[in-house]
Amino acid sequence: MPNSNSLEQNIYRNLAAQIQSGFYSKGNRFPPAQEIARLFNVSYGPAQRALKALEKEGLIKVGRGKETLVLKKPYENYLESDTFKKRILSLIDLSHSLRLFSPAINLQGMYHMDLEKELENPLPENNRIEQWRTQYRLFDNSLSALGNQTLHGLYHDINAFVESAFLDIFHVSFTEEEEKTYLNRLVNDYRTCLENCKNGKMAEAKKGLEALTDPFHITAEQYLATLPADRTIQENFSWSPQKGRTRYCDMIAIDLVRKINDGTHPAGTLLPNGAILANIYHVSPITIRRTIALLNKLGVAKTVNGVGTRVVSTENTHLSVSLKAIILGNNLRTFLEAYQLFAMTSEPFISYSFPHFPEELTDKLRQAATIAEPNVAISAITASCLQGIVRYCPLASIREITSKLTLLLLNGSAIPHVKLTIDWNRGSKKLGKALEAKDGDGFAFVFSRILNETFTIVKTHLKKMGVKNIERIAQPVMNDR
């Protein structure tokens, strides 16, 4: 099947990766379309098309009125495949990125799981595939507990890109006895993390998760680093949230209308040119051209060849009927999911990227921290941090994730003003102190706590607005270091 990011093709690759990893062996029952649709939170159509693609490739046999069965793996040896060879450099980068942020996300999800029920489950039998499958299920359950479809989509994309690479590397790097020892430790120590979380020992649970994650990914990175990689054919990891549901040009148009409303781009002035806008929003020039075309169509702006795009209307600056239609449905829920995801990952993302921020950016952060109005200050700091991560983080996977988060957060541009009732005076002093000391870890820690507080306020505001289906989007936990 072509390597694209359409919804059914991503589901296809994700399921093929699970078959390749041995989670479904030859002759085993394979989930039907209804079950796959629930797993990926999609309609029946994409799930059914993904199954048909698997059948066309000879990987499964779809039962007509019977069980669907697995026939074979996609690759006899994935580590020898051309697909794997084209991803070597990206897999090193992605593995390092997962070491940074997956423990934090796992901890958050673990906190919201039904831990009493989970701890009642018996330990998996001493079987390699069953133990790997159990850990996969536990991590997936922790993601589900956060109520965040966007986050689930991110990990589906990661799994589809990795396929069985990390597991295969682990298998070839260790003897059967060494792998058995690691798996027994993994199963037992993960249960200890669950117990620590249940007993409120969050710092201990976090350290335990990091200790379990590092050996697995470091093994993969060391193995991958020994392989020759042809840079001319390397394939980059790409995250495509909300496949087929929302156009990025719609989100950017909403944000530009908001900026026109608040006077950032007054009537009569020219909008920044396409190259500048593409850089600001981390999108292609084509997306910006579509955005400008939408603003022209709505009568908000007018493009003149050789001159630029001029703002022509700021009268009655509420969103037009057309733009209101754009933000209906799941857009505000998507915003809250993106906000939750950034709140959970901001500490590791900023800590890792901060040493690479130029002085100009840290000066900008210091100035933002002195702004008296919390709404303005937090908005400015958030924007600067997002831009800093996207531009200066050494890890391409984190830059990719953050660039897409930046776009998803634009959905919040349509939310009426929310007054942030937090102790900003105390928070701004802590942020300023960390910035003066060039303490990136301290700054990231304080700012992540501020984001967690503001998440609560924003979620409450959206509930009052009548936004549906946001109750399950879990409150991030504010951990002590």
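Here are some questions and answers about how features of this predicted model get their labels.

The model's local features need pLDDT of at least 70 and side-chain atom pairs count only at pLDDT 80 or more, while totals for chains, interfaces and linings use all residues. Residues are numbered from 1 along each chain as its sequence is written, and side-chain values use heavy atoms, with hydrogens and water left out.

Me: How do you know that Cys197 is in no disulfide?
Reply: A disulfide is a pair of cysteine sulfur atoms within 2.5 Å. The structure holds zero disulfides. For Cys197, the nearest cysteine sulfur, that of Cys193, is 9.0 Å away.

Me: Why is Cys197 called buried?
Reply: Buried means under 20% relative accessible area, exposed over 50%, and partly exposed in between (1.4 Å probe, protein chains only). Cys197 has 4% relative accessibility, so it counts as buried. Cys249 counts as buried too, because its value is 2%.

Me: What makes Val304 partly exposed?
Reply: Its relative accessible area is 38%, so Val304 is partly exposed. This residue is found in strand S4 (residues 301–304); strands (E, at least two residues) are DSSP runs, numbered from the N terminus.

Me: And why is Arg333 called buried?
Reply: Arg333 is buried because its relative accessible area is 8%.

Me: What does Arg333 contact, leaving aside its neighbours within four places in sequence?
Reply: Contact means heavy atoms within 4.5 Å. With those neighbours left aside, Arg333 is in contact with Gly147, Gln149, Val467, Asn469, Ile470 and Ile473. A polar atom of the Arg333 side chain lies 3.1 Å from the backbone oxygen of Gly147.

Conventions:
Helix = DSSP H or I, 4+ residues; strand = E, 2+ residues; numbered from the N terminus. Polar contact = N/O pair within 3.5 Å; in protein donor to acceptor, adjacent residues only side chain to side chain.
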